[in-house]
Amino acid sequence: MPSDLHTHTNFSDGSFSPEELVAAAKKVGLSYLGVTDHDTVDGVRYLYENGLYETGNLKIIPGVELSANNPDHDIHIVGYNVDIYNGNLLEMINEILEARWERFSKIVENLQANGLEIRETDVLKIAGSSKSVGRSHIARALVKGGFFKTVRDAFDQMLAKGKPAYEPRYLPEVDEVIGMIHEAGGIASLAHPKLVDDDKIVESLCGKMDAIEVYYPCHLPEDVERYSGMAKRFNLLVGGGSDFHGTASRYVDSLGDFTIDDSLAEKFYRES
């Protein structure tokens, strides 16, 4: 049976509610599902607090995807099996979310300064109930407003690092993120290492991690082989997932399009 350790709900920048994500996972026959929203555990808490955690053959792995500070590269670290009620983790998340809101307003101002008449309310309609408002929501609002054809175009021309509307934000340091994941009882895994865009940095990070996302939709066979080698060298768990957001503009169109073997996923699972 297949599994997916990297998915998002509408509590961050996904378009599926937690219930819809679980229903889709059961429909395609997943055995393990990692719910790993950006900078929030609210989606996982929603499942737990509403009695939706017991899902028969589907086993849910609670997680959170946190960004770490680096001036030139995007470093994302997924914490698996974190205590979703850990006070210090929630405090770190709140600081990150506050910084997200500040950046959101600045990016909208930058877009307006570049002649794109988009309003904060346009983005908030896209974000819905999400507290974790980010560039993906802004990009989708830009597409809806007819400014760009795709989310990728919006990033490539306006929102990515070095582009006219980009704004930096507060991010905790790598060691802080890993330390907090460990304090919350979790497994720290380096997400989509190819997207870090510098394998020297990836290797240096491997010495700090518990796991690495070897299998990812944009990883070519040679990438898988290279990151598998790093995992073996640094004695890391081998993970992977689709990074499913529920929109066709991401790497996969549907949940179940990209999966990993259960034998890998089960090593990330703990009985609740």
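Asparagine 81 is buried, with a relative accessible area of 10%. The model described here is a predicted one. Asparagine 81 belongs to the loop that connects β4 and α3. Its phi is near 60 degrees, which is a positive value in a residue other than glycine. Most residues other than glycine have a negative phi.

Asparagine 235 also has a positive phi, of about 55 degrees, although it is not a glycine. Asparagine 235 is located in the loop between α9 (221–233) and β7 (237–240). With a relative accessibility of 71%, asparagine 235 counts as exposed, whereas asparagine 81 is buried.

## Proline 62 in strand β3

Proline 62 is part of strand β3 (residues 59–68). The residue is buried because its relative accessible area, 12%, falls under the 20% limit.

Apart from neighbours within four places in sequence, the contacts of proline 62 are Val35, Val44, Tyr53, Gly79, Tyr80, Asn81, Val82 and Ile84.

## The buried side of helix α7

Helix α7 comprises residues 174–183, and its buried residues are Val174, Val177, Ile178, Met180 and Ile181. These residues lie on the same side of α7, because they cover an arc of only 160 degrees around the axis.

The elements against which the buried residues of α7 pack are β3, β4 (75–80), α3, β5 (187–190) and α8 (199–206). Strand β3, which holds proline 62, is therefore among the packing partners of these α7 residues. Just after α7, glycine 185 adopts a positive phi of about 80 degrees.

Helix α5 (residues 135–144) packs with helix α6 (residues 151–159) at an angle of about 110 degrees, and the axes are 9 Å apart. Because of this angle, α5 is roughly perpendicular to α6. On the α5 side the contact involves Arg135, Ser136, Ile138, Ala139, Arg140, Leu142 and Val143, and on the α6 side Val151, Ala154, Phe155 and Leu159. Sorted by class, eight of the residues in this contact are nonpolar, one is polar and two are charged.

Helix α3 (residues 87–113) packs with α5 at about 35 degrees, with 10 Å between the axes. The crossing of α3 and α5 is right-handed. Arg103, Phe104, Ile107 and Leu111 of α3 make this contact with Arg135, Ile138 and Leu142 of α5. By class, the contact of α3 with α5 contains five nonpolar, no polar and two charged residues. Arg135, Ile138 and Leu142 of α5 meet α3, and they are also among the α5 residues that meet α6.

## Helices α8 and α9

The axes of α8 and α9 are 10 Å apart, and the two helices pack at an angle of about 25 degrees. Helix α8 is roughly parallel to α9, because the angle is under 35 degrees. The crossing of this pair is right-handed.

From α8, the contact is made by Asp199, Val202, Glu203 and Cys206, and from α9 by Arg226, Tyr227, Met230 and Arg233. The contact of α8 with α9 has four nonpolar residues, no polar residues and four charged residues.

Technical notes: Residues are numbered from 1 along each chain as its sequence is written. This is a predicted model: local features need pLDDT of at least 70, side-chain atom pairs count only at pLDDT 80 or more; totals for chains, interfaces and linings use all residues. Side-chain values use heavy atoms; hydrogens and water are left out. Axes are lines fitted to C-alpha atoms, for helices over the stretch in contact, and angles run from 0 to 180 degrees between N-to-C directions. Helices (H or I, at least four residues) and strands (E, at least two) are DSSP runs, numbered from the N terminus. Angles under 35 degrees count as roughly parallel, over 145 as roughly antiparallel, 65 to 115 as roughly perpendicular and the rest as oblique. Contact means heavy atoms within 4.5 Å. Ala, Val, Leu, Ile, Met, Phe, Trp, Tyr, Cys and Pro count as nonpolar, Asp, Glu, Lys and Arg as charged, and the others, Gly among them, as polar. Buried means under 20% relative accessible area, exposed over 50%, partly exposed in between (1.4 Å probe, protein chains only). A crossing is left-handed if the near helix is turned anticlockwise from the far one by less than a right angle, and right-handed if clockwise. The arc is that of the directions from the helix axis to the C-beta atoms.
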